[in-house]
Amino acid sequence: MNILLASSEAAPLAKTGGLADVCGALPKALAQLGHEVALIMPAYRSTKKYPSEPTGVELRVWIAGREVRGTYRKCQIPEIGVPVYLVEHDMYFDRDGLYNNNNEDYADNCERFVFFSYAVMEAVRLLNIPVDILHLNDWQTGLIPALLSIYYRDYPEYQKIATLYTIHNIAYQGVYPASAMALTGLHWKYFNWLQMECYDHLNLLKTGIVFSDGITTVSPNYAREITGNPGGCGLEDVLRSRRDVLWGITNGIDMDEWNPETDPHLDTHFNLETRTEGKLECKLALQKQMDLPQRTDVPVIGLVGRLTEQKGFDLAVELIYQKVAAGEDVQWVLLGSGDPILENRLRELAAHNPQNVAVSIRYSNELAHQIIAGSDMFLMPSRFEPCGLTQLYSFRYGTIPVVHSTGGLVDTVTDLTPETEKDGTATGIRFSHADMEGITWGVNQALDVYRNRPELWKKMQDTGMNLDISWRQSAEKYVELYEKIRRHQPRQ
Ligand code: ADP
Ligand code: GLC
């Protein structure tokens, strides 16, 4: 099959979160199954660090009565392993951030991704990319299935294309005032509650859901949650109406990038056999790096993530204050950036508790690796979590995840219970509510096992490290769905 994946980010070229990890790793896994795969994304400033060549092909798009020109570059890097087409338009994409700067969204985001959406459609014919499956991701590509069925379908290059639309996070919908319809170039008749309109606004995620042939999200449990309230964030009805073509496929991980035996961000490497000593070395290195007292006998709890309401860092901050006030001997290492109010709360927390808390407010892939490797536990008090990748990375490094029972965290973390202890399947601790009671219970439970039941702790580490969480299985599931939507595609 010929598969073209369109995404607004892909690691390592450009990344703000897990979407990039997925779109950077899934293409390679699909190619390894024998398919022809290419990726298309915007040529952001961060992509310019990587080698690429001009294609010499120019595209022209009409946006609100103006002709906008761009070009395509082609880039081939081993980390991604398939050809990447970069849509170049410096005024739109050569900026400090991908979607925002200083936590403020760019005012022209709708226009930028309308342009990108047309650029993806045009790439098929201008660059002669054979496509059976167009795999789209999140709101930034939501317009594409509409463009395909409304404008492009009748041209021969497009007749056979089936679209799969993956929702990575339904909280971000690409919602714009009705007047933004003019940017899309589509007739106003599509601005209705069954298609592109939602509460009087243009909704690009809804557009993608309505016009695509198949829809997936990044875990089966999240697929269930988003067809209800509040999980669907207002789109539950439209998702229910498309239930017959909605599936959940759990993300895999890039086993090369997140590998404790070879990780270039670590000074000490380890595997299943050497992990006890290896992790202690990583822990000491992390403590040193973060200016915490270097001690092997204290539990270290790590957190890494975007600082948004979703991730529940506010609950962790509250818990840390309580634990420190109670004199509990625990070290905390936090890495994140985002909401400026939360950023300040984290800085304050660290300033008041330098013996127990270290905080880094920035984006650092290297430090993310070091925290996941050097911590004993990894805390995810997410209010919702479509899949979550950092708990999967934690498994590989023998770090026990302590998570709220939501979304993909339910599908991926096997909670410690008397049964899972007995059958040896437990991989982490899950708590039922994203509130102070829940997080306190979860962390206490984990600390208790860590301190008092070292054999059980080791067993959980082993089970996590032995899990097969590579992309292969998930990629096979995507291929099954691609085949299914191709067969059901009405125009074929
Ligand atoms: P989400 O996509 O909602 O942000 P995921 O768990 O799927 O959540 O993926 C988050 C990804 O972003 C992980 O690879 C994580 O390591 C990375 N990440 C998040 N914040 C930071 C940060 N401040 N520095 C480095 N990596 C980060
Ligand atoms: C989203 C979700 C996260 C998921 C990631 C990759 O950003 O918040 O849970 O792992 O996409 O699919």
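Author: Axes here are lines fitted to C-alpha atoms, for helices over the stretch in contact, with angles running from 0 to 180 degrees between N-to-C directions; helices (H or I, at least four residues) and strands (E, at least two) are DSSP runs, numbered from the N terminus. The model is predicted, so local features need pLDDT of at least 70 and side-chain atom pairs pLDDT 80 or more, while totals for chains, interfaces and linings use all residues. Residues are numbered from 1 along each chain as written, chains are lettered from A and ligands numbered from 1 in written order, and side-chain values use heavy atoms, without hydrogens and water.

Reader: What makes α4 and α6 parallel, perpendicular or oblique to each other?

Author: The axes of α4 (residues 143–152) and α6 (residues 204–211) come within 7 Å and cross at roughly 50°. Angles under 35 degrees count as roughly parallel, over 145 as roughly antiparallel, 65 to 115 as roughly perpendicular and the rest as oblique, and α4 and α6 are therefore oblique. Their crossing is left-handed, the near helix being turned anticlockwise from the far one by less than a right angle.

Reader: Which residues make this contact, and how do they divide by class?

Author: With contact taken as heavy atoms within 4.5 Å, α4 contributes Leu 143, Pro 145, Ala 146, Ser 149 and Ile 150, and α6 contributes Leu 204, Thr 207, Gly 208 and Phe 211. By class, the contact of α4 with α6 has six nonpolar, three polar and no charged residues.

Reader: Why is α6 called largely enclosed by the rest of the structure?

Author: Buried means under 20% relative accessible area (exposed over 50%, partly exposed in between, 1.4 Å probe, protein chains only); eight of the eight residues of α6 are buried, so the helix is largely enclosed. Among these buried residues are Lys 206, Ile 209 and Val 210.

Reader: How do you know whether Gly 428 is buried or exposed?

Author: Its relative accessibility is 0%, so Gly 428 counts as buried. Gly 428 lies in the loop between α15 (418–423) and β20 (429–431), and, leaving aside neighbours within four places in sequence, is in contact with Ile 400, Pro 401, Val 413, Thr 414, Asp 415, Leu 416 and Met 460.

Reader: What makes α1 and α18 parallel, perpendicular or oblique to each other?

Author: The axes of α1 (residues 18–32) and α18 (residues 471–488) come within 9 Å and cross at roughly 75°, so α1 and α18 are roughly perpendicular. The contact is made by Val 22, Ala 25, Leu 26, Ala 29 and Leu 30 of α1 and by Trp 471, Ala 475, Tyr 478, Val 479 and Tyr 482 of α18.

How values were computed:
Ala, Val, Leu, Ile, Met, Phe, Trp, Tyr, Cys and Pro count as nonpolar, Asp, Glu, Lys and Arg as charged, and the others, Gly among them, as polar.
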